[in-house]
Amino acid sequence: MPLLEINSLTVDYPTRVGTVRAVDRVSISVEKGQTLGIVGESGCGKSTLGLAVIRLVPSPGIMTEGSIMIDGTDIMRLSNNEVRELRGKVGFIFQDPMTSLNPVKRIGDHFVEFIRTHEKEVSRQEALEKTGKILESLGILRERTTDYPHQFSGGMRQRVMIGLGLALNPKLLIADEPTTSLDVIVEAQILELMNKLKKDYDLTLILITHNIGIVAEMSDLIAVMYAGRVVEFGPTEQIFENPLHPYTKGLLESAPNILHPERSMHPIPGSPPDLISPPPGCKFHPRCPHAFEPCPLREPFLVMKERRFVACHLYD
Amino acid sequence: MQTERGRIIVQLIPQFVRLSKRGMAGWTVLIGSVIVVAVVGMTLLAPWIAPHNPIAINVGPIMAAPSSEFPLGTNHLGQDMLSRVIWGGSMVLQVALISVAMCVAVGVPIGLLASYAGGNTDKGTSLVMDSIYAFPGLVLAIAIAAMLGRGVLNMSLAIAVVYVPSYYRIVRSQVLTIKELSYVEAARALGAKSRSIILRYVMPNVVPSVVSVATINFADAILTAAGLTFVGLGLSVAVPDWGWDLTYGRQLLPAGAWWVIAFPGLMIVLLALGFTLIGEGLSELWSPRLEQ
Amino acid sequence: MSLRSYVIARVLLTIPMLLLLLTLVFLITRVLPGDPVLLHFEKQAKPEAVEEFRQRLGLDKSLPEQYVDYLTGVLRGDLGKSMQDFSPVAQQIFSAFPATLELAIFGMIIAVVLGIFLGVRSSRSYNSGEDHVIRTFGIATYAIPVFFLGMVLQLVFSIQLHWFPSGGRIYPGSEPLGLNLGGFHLATGLYTVDSLLEGNLSKFVQALRYLFLPSFALGLVLCGIFIRLTRTSMLETLRLDFVTAARARGLKERTVVYTYALRNAFLPILTMMGLQFAALLAGAILTETTFSWPGLGRYLVDRIAFRDYTAIQGAVVFFGLLVALVSLMVDVLYAYLDPRIRL
């Protein structure tokens with residue numbers, strides 16, 4: 001049984017000017033121990049998808065359709081208290097480490113509070129002990145538990161966030177653009193750290209990013225998202241060697257390739273669609289070089305092709 | 001003359017109706033305006049609508065509870081409370097109007113000139129204004145009114161002094177922002193005289209803020225005037241005045257004569273509320289806070 | 001910048017303002033009316049008597065001399081002599097002050113507690129009916145003259161329901177005595193504190209009963225601004241990342257609202273408490289008159305009735321100094337609590 005199974009999930013944001021469909025009938029599954037990378041441009045719905053897994057979609061967003069099963073439990077049916085418990089078992093790392101920590105709370109207290117909320121029998125002493133160990137494994141001095149967030153650098157704060165995410169040995173860790181706000185060198189350090197922790201904690205990791213490079217390095221599976229839909233989903237190797245969906249191809253071509261520096265980069269023409277009134281049929285068709293008759297008429301569904309799923313009329 | 005006024009009113013009505021379309025802020029201004037117009041109207045029409053002479057004593061039984069004959073009851077002098085309430089706003093409104101007019105006439109020019117001039121003039125004036133502003137308003141008003149004595153003009157002056165710094169500050173903050181704007185610098189570079197810069201660029205931006213402050217100031221002035229009356233620095237006894245009724249009516253409370261204070265008090269609240277709503281609504285309309 | 005240098009800089013800044021303030025009061029009470037002594041004696045009085053009167057109060061000297069005397073007097077703690085009986089105004093003020101302080105403290109507590117509670121609720125049910133009702137309530141309470149509210153409260157809760165006394169500070173003869181150990185005597189003048197120091201619980205309860213209506217009136221009229229401030233502050237804070245991150249960790253909603261959002265939104269509230277102190281004192285004057293509360297406000301009002309202009313001046317100076325002092329303390333406290341400000 002997969003650890004995470006998302007079935008036809010739809011998330012809508014009703015606004016005064018219309019309903020924004022941020023996530024459109026997305027289906028994904030991740031087995032225990034795998035790393036899934038969710039890639040796409042800004043606004044494609046990947047962050048909303050990540051937040052949906054812990055039922056933290058910001059208002060006015062609502063999950064209108066579909067189901068999310070974590071370890072066999074349908075999280076849509078959980079009560080508020082059970083959702084809180086769930087959040088102790090699913091770690092979440094936010095994008096901007098500079099603003100994700102409470103400025104008036106010491107670092108150590110962030111951990112202690114988190115630990116003791118979910119493991120009520122643990123004493124403050126024990127929690128502090130554990131905090132010290134976690135920080136050390138992240139490369140932060142134990143004495144810094146009494147410091148405040150503003151005394152840490154961006155990279156260190158993100159380590160703290162990772163530490164918090166892992167503090168209760170979660171089965172699943174979701175990282176939403178964990179390195180986007182960091183400079184390249186720090187980014188490399190954080191990614192290396194995450195790889196190590198993956199093995200140490202036997203984690204199932206969901207990595208949300210717009211950076212294909214990271215995804216290539218870190219994930220076993222990739223889901224490519226466009227305008228709220230998954231357009232291609234499968235093993236990383238397969239997709240990179242032989243991208244089937246025109247958008248995936250476009251993404252790979254628009255990124256610099258260190259192995260072939262002489263190849264020019266081709267950005268995808270046009271811009272992402274308006275999610276309140278998206279184009280009819282396949283949402284990518286206005287920008288697609290291979291668009292043909294069925295594309296503006298019907299939306300393509302995910303079909304299995306060459307050991308991965310792809311949603312494109314070219315492969316129907 | 002009548003048709004002129006009539007035409008103006010007819011032109012204003014659609015403006016008001018449009019306000020109701022501007023969301024919560026529009027409604028606030030609308031409701032506030034209705035209240036203010038109603039109360040002011042009642043006061044202006046007092047000579048025609050008041051059933052009795054408000055200062056005539058023994059018009060009815062002493063301290064009578066509200067009845068069909070005297071809907072708001074009578075006080076200890078047998079005066080009809082309904083008539084007193086209808087007439088009672090006149091003094092408060094006069095004082096508030098005069099003090100706001102004084103404030104604007106003094107505060108706005110000083111604000112414009114001092115902050116436009118900048119440098120030591122600005123610093124010095126700001127210091128003086130800050131000192132006044134920091135002072136508890138009522139205390140200052142009491143001090144001035146106590147020294148000057150009774151009377152509409154004196155009360156207005158006392159209140160005006162307290163609120164001048166508010167206008168100064170708001171004008172100053174606007175001027176400082178505008179002074180730095182590039183189109184003002186451009187005008188200066190082209191040799192425009194300071195005076196025309198102030199008139200053409202600064203004033204139009206300052207007017208909305210001043211109007212908002214003025215309406216809220218009106219409400220404050222009403223409350224401060226009532227407060228001054230309450231501590232004994234009000235107007236002469238003969239004039240019908242809500243504040244005076246409140247002050248004197250206090251002594252009748254233990255006897256259970258609640259109507260002597262309730263209705264005048266309610267009118268003060270209503271009038272102050274009306275102006276406050278207008279002020280709050282206007283400032284929201286003209287510079288909406290960024291709430292998604 | 002360290003805390004100490006900030007404090008020093010801030011104090012230095014206050015001095016010119018204080019000077020201006022004192023000068024302002026002097027102008028109003030000595031220069032403006034012309035001759036406060038003649039104002040005092042409304043009817044004709046014998047010139048010799050007036051002259052003697054003037055001399056005893058030091059009002060026969062030239063204006064500049066009076067000004068200097070006045071300033072040096074304030075530095076010494078001398079706020080002049082009462083026109084009624086020539087007793088030192090400062091002494092009268094200091095004995096009346098604790099009553100006002102107690103009223104102000106409780107009034108502020110009620111205003112802040114009400115304001116925060118309603119403001120938090122309002123922010124959490126953003127744009128709902130509850131939000132609009134609370135916001136309107138906040139605006140409406142400000143439009144009520146505090147003495148009118150006081151009278152209404154008296155009428156309902158005191159005269160009709162007999163739940164609370166309608167005036168005064170305590171039942172005559174039961175003034176709390178404070179701490180009395182051997183020869184050591186400590187009394188703050190705050191009846192609630194003193195009754196606890198005395199160990200007398202029934203006096204404590206009585207003090208609270210007398211305190212309740214006036215401080216409630218005061219607090220209710222002032223809570224509006226705290227409602228609005230809390231609401232705005234919370235709305236901003238609740239959408240910040242660390243609040244979402246806290247929820248993502250499964251922390252209880254109450255923890256998120258109070259420990260994460262409110263604690264960060266609190267500093268502006270603290271500053272506002274300091275800013276509102278002036279308004280609090282103004283309201284206290286009217287409240288004390290309504291409830292016959294023997295504080296500084298009532299002292300001032302009494303002095304007006306007696307045309308005791310020197311005492312009025314002394315009281316006004318005291319009010320001004322008090323507000324300046326509180327303002328300074330709030331700024332220092334703010335700098336202490338938020339190290340980022342000092343930079």
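**Exercises on rings and strands**

The charged end of R169(B) lies over the ring of Y133(B), 3.9 Å from its centre, where sitting over a ring requires NZ of Lys or CZ of Arg within 6 Å of the ring centre and within 35 degrees of the ring normal. The model is predicted, with local features needing pLDDT of at least 70 and side-chain atom pairs counting only at pLDDT 80 or more, while totals for chains, interfaces and linings use all residues. Residues are numbered from 1 along each chain as its sequence is written, chains are lettered from A in the order in which they are written, and side-chain values use heavy atoms, without hydrogens and water.

**Exercise 1.** Classify the ring pair of F233(A) and F309(A).

Step 1: rings of Phe, Tyr and Trp (its six-membered ring) pair if their centres lie within 6.5 Å, and planes under 30 degrees apart count as stacked, over 60 as edge-to-face and the rest as tilted.
Step 2: the centres of F233(A) and F309(A) are 6.3 Å apart and the planes stand at 15°, so the pair is stacked.
Step 3: with buried meaning under 20% relative accessible area, exposed over 50% and partly exposed in between (1.4 Å probe, protein chains only), F233(A) is buried at 8%, whereas F309(A) is partly exposed at 34%.

**Exercise 2.** Determine how strand β9 of chain A pairs with β10(A).

Step 1: strands (E, at least two residues) are DSSP runs numbered from the N terminus, and two of them pair if DSSP finds at least two bridges between them.
Step 2: β9 (residues 221-226) and β10(A) are joined by six bridges in the antiparallel sense.
Step 3: within this chain, Y226(A) stands opposite R229(A) in β10(A).

Notes: Helices (H or I, at least four residues) and strands (E, at least two) are DSSP runs, numbered from the N terminus.
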